[in-house]
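Please look over the notes below on the ligand site and the metal site. They are meant to be read beside the structure.

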Amino acid sequence: QPGDHKGYLEYALSLAERSPPKPTNFRVGALVVDANTNTILATGFTLELEGNTHAEQCCFIKLANEHGVAEDELGSVLPSNSVLYTTMEPCNKRLSGNLPCTDRILRLGGSIKTVYVGVLEPEKFIGENRGRKRLEEAGIEVELVEGLQERILEVATAGHQD
Ligand SMILES: Nc1nc(=O)c(N)c(NC[C@H](O)[C@H](O)[C@H](O)COP(=O)(O)O)[nH]1
Ligand SMILES: [Zn+2]
């Protein structure tokens, strides 16, 4: 049903479970939803697409390909009331040095209005993730959806040595 945030995050978690476990990242699942029509526009999970890709990044790559635009022009074709669901908050710095997903969201020029996250990023690789603050300063709402934290972290860290 419309705005079933937990339901969408449950679905994103099922996507995260398809990500190959690695000790050097988290297994994350993400969806882009058109909030006006309540339809899923794209799904993604960590390492789904070739290269060291993030879940949110995979959604954007797929959408850019579908619309025949470069990823950094996606903001011009995304519905204006798009929403991102991601089991873990968008990264703000990556050990690999690849462009963080917070920057990928910011360059969409406001077509993503809200980001619903299941957990904040654990301070394992980067220390404090300051991306949420940058998104909010750009007028993008970031909302933590409670209730799935434990399951999300268990999936996210499956490739880590305990
Ligand atoms: N939101 C989010 N979605 C993902 O799909 C993913 N893998 C992470 N993970 C964040 C973590 O900070 C980075 O995975 C490490 O910093 C290593 O960086 P790379 O992934 O190798 O670029 N975070
Ligand atoms: Zn990322």
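1. Donors are N, O and S atoms within 2.8 Å of the metal (3.2 Å for Na, K and Ca); water is not among the atoms, so sites may look incomplete. The donors of the zinc ion (ligand 2) are spaced H-x36-C-x9-C along the chain. They are His54 (ND1), Cys91 (SG) and Cys101 (SG), at 2.1 to 2.3 Å.

2. His54 sits in the loop between strand S2 (39-45) and helix H2 (55-67), and Cys91 in the loop between strand S3 (82-88) and helix H3 (101-106), so the pair ties together parts 37 residues apart in sequence. Helices (H or I, at least four residues) and strands (E, at least two) are DSSP runs, numbered from the N terminus.

3. This is a predicted model: local features need pLDDT of at least 70, side-chain atom pairs count only at pLDDT 80 or more, and totals for chains, interfaces and linings use all residues. Residues are numbered from 1 along each chain as its sequence is written, chains are lettered from A and ligands numbered from 1 in the order in which they are written, and side-chain values use heavy atoms, with hydrogens and water left out.

4. Ligand 1 is surrounded by 20 residues (a heavy atom within 4 Å); the closest are Asn52, His54, Arg94, Ser96 and Glu121.

5. An oxygen atom of ligand 1 lies 2.7 Å from a side-chain N or O atom of Asn52. A nitrogen atom of ligand 1 is 2.9 Å from a polar backbone atom of Glu89.

Notes: A polar contact is a pair of N or O atoms within 3.5 Å; within protein, one must be able to donate a hydrogen and the other to accept it, and residues adjacent in sequence count only if both atoms are side-chain atoms.
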